[in-house]
Amino acid sequence: EIFFPDDPLYRFKNQTWRKKLLLGLQFLFPIFQWAPEYRLKLLRSDIISGLTIASLAIPQGISYAKLANLPPIVGLYSSFVPPLIYAILGSSSHLGVGPVSIASLIMGSMLSETVSPRDEPIRYLKLAFTATFFAGLFQASLDLLRLGFVIDFLSKATLVGFMSGAAVIVSLQQLKGLLGISHFTSKMQFIPVMSSVFKHRDEWSWQTIVMGFGFLVFMLTTRHISMKRAKLFWVSAAAPLTSVILSTLLVFCLRSKTHNISFIGHLPKGLNPPSANMLYFSGPDLELAIKTGIVTGILALTEGISVGRTFAALKNYQVDGNKEMMAIGFMNMAGSCSSCFVTTGSFSRSAVNYNAGAQTAVSNIVMATAVLVTLLFLMPLFYYTPNVILGAIIISAVIGLIDYQAAYCLWKVDKLDFLACLCSFFGVIFISVPLGLGIAVGVSVFKILLHVTRPNSSIMGNIKGTQIYHSLSRYKEASRVPSFLILAIESPIYFANSTYLQERVLRWIREEDEWIKANNGSPLKCIILDMTAVTAIDTSGIDLLCELRKMLEKRSLKLVLTNPVGSVMEKLHQSKMLDSFGLNGIYLAVGEAVADISALWKSQPDFPEDCNETRQCKETRR
């Protein structure tokens, strides 16, 4: 129940050994599930969608490699090998695999703080590949050790703030290319970046600015068109490659007059070279590589699984989270040995893949094939591609991560979630990206601890003419029951919150006494704890109930429990605590408790505990 809630071996029950072998292959390699049923009529849709996402993946791969301070060719390598592995191991039919902006930013910022990609490019490249290996190892181990809940500590609220802050930082970093600045800060914080922008105004190039912002407006316009009309999805999908082609032609034709516009230069042709010999497994840089790998691995895994589930829900099929961890982990480990950096499921590529009509993971194979053709034959065509266009592509891709509507929704629904969102947003912008992520996780954990240690409780009242009891603060129709204080506890009761609950119950009693005096109400005689929402209890919680009963007994107040769930009732029975509560200390419902105790008060004003009639009534009722 705890470690295997999905019961992964249920399909193997009562099967022959041959069937078990086939099911085992399908379990480890999902391609064996859909490949036998694949038909040629699906191939046309997969080819169209694969070529469409390839037109997006090629310019994005080059751009995201630059974002991670890696050679542009590494971005193309990362769009070739990982998609092939995911097609074999992945469970999503629509996930478009490749480099993503956030993981690229995190890797670039964390590694460049220690190693300069300009001064020590080989060392930096080795660190990037090693971090990718450990990212994959960490992702796969989450599945093997059944620790997938780790990624749940990144709540939606913190992710909204983190993604928005990262998008702002990524966009500001691209001002270097958009303005044509050659001397730019390597820091990622808002103030150093803006200071560097205005400090080097003498390096601004009007030619670069016109080209960069011109193509940026073009790509944002196509994005807006595609968002308004879903059938025109191909407009925004083709915009990055179109921008690369047009800008490359402009620079080539006007190369004698555009000396201030820098371009990519030579890119080597050929397949991914092996890089297993470049991995660090010892030395002073190992700690940095592991730390970077874990952070980027968590973010990449969170994005990949959430994107896969989003599009699976649209087509009414299920994505296996554990298989996704394994698939993404293995493709990153294999990628690190073939000159790739961290990859995962990209939302922009997956959206294009879905809208283009992808039917299976074959679309990833088609995309990888298109990238292969590019690597083998088309690399010289990118020689004059201006760096400014890569910055424009990155900005147009990450600007959609600034989700102000989600932030506004958080403000309206949950102020604490909104605070978590703001903390992660400003942490990323003004402190650093890794620490911003740490703040996001810290706020999420703090929120969990707050809910655990400070559970909600409320006073309940009766809705006139019914046996229904609800919170007085939420239902105006509910009214107090004379001489009763009915409290609802809305969480498990255990060591972390038992002291708080004791203090809170005593405060409710004090406030109720004050209300009775102010309104000349009937004196308080009985406290009823509605335990409907108490899903668990430990020994500290049992001690709390015993102490409360004793404290209230000294004040001539009776404590009654109602509707404890099965597991709670078992522990109360095993602890022998129910003996001290007596026959009239526990009931199945609040209405039953109020009616029974009120009847006893009328028949026995002093309510003696040893009344035979009372015991007989209780025995009969039980």
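## The largest cavity

In this predicted model, the residues lining the largest cavity are I489, I493, L501, V505, L529, L544, L545 and L548. Two elements, α21 (498-519) and α22 (539-554), each give two or more residues to this lining. The greatest contribution is that of α22, with 3 residues.

Sorted by class, the lining comprises 8 nonpolar residues and no polar or charged ones. The volume of the largest cavity is about 40 Å³, and the count of cavities of 30 Å³ or more comes to 1. As a general point, rolling a probe the size of a water molecule over the atoms shows where empty space is left.

## Nonpolar cores

The largest nonpolar core contains 107 residues. Within this core, the residues with the most contacts are L70, I73, I106, F162, F341 and L375. Helix α7 (residues 121-144) supplies the largest share of the core, namely 12 residues.

When neighbours within four places in sequence are left aside, I106 is in contact with F162, V295, T296, L299 and V433. F162 is itself listed among the residues with the most contacts inside the core.

How many of the residues of strand β6 (residues 484-489) are buried? The number is 6 of 6, so β6 is largely enclosed by the rest of the structure. In a regular strand the side chains alternate between the two faces of the sheet. Both faces of β6 are covered, with F484, I486 and A488 buried on one side and L485, L487 and I489 buried on the other.

Two strands pair with β6. Strand β3 (residues 457-463) pairs with β6 in the antiparallel sense over 4 bridges, and I459 stands opposite L487 in β6. Strand β7 (residues 526-530) pairs with β6 in the parallel sense over 5 bridges. In this second pairing, L487 stands opposite L529 in β7.

Methods. Residues are numbered from 1 along each chain as its sequence is written. This is a predicted model: local features need pLDDT of at least 70, side-chain atom pairs count only at pLDDT 80 or more; totals for chains, interfaces and linings use all residues. Side-chain values use heavy atoms; hydrogens and water are left out. On a 1 Å grid over the protein atoms alone, a cavity is a set of points where a 1.4 Å probe fits but cannot get out, and a pocket is an open set with protein on both sides within 12 Å along at least five of seven lines; lining residues have an atom within 4 Å of a point. Grid points are joined across faces, edges and corners, and a volume is the space filled by probe spheres set on the points. Ala, Val, Leu, Ile, Met, Phe, Trp, Tyr, Cys and Pro count as nonpolar, Asp, Glu, Lys and Arg as charged, and the others, Gly among them, as polar. A nonpolar core is a set of buried Ala, Val, Leu, Ile, Met, Phe, Trp, Tyr and Cys residues joined through side-chain atoms within 4.5 Å. Buried means under 20% relative accessible area, exposed over 50%, partly exposed in between (1.4 Å probe, protein chains only). Contact means heavy atoms within 4.5 Å. Two strands pair if DSSP finds at least two bridges between them.
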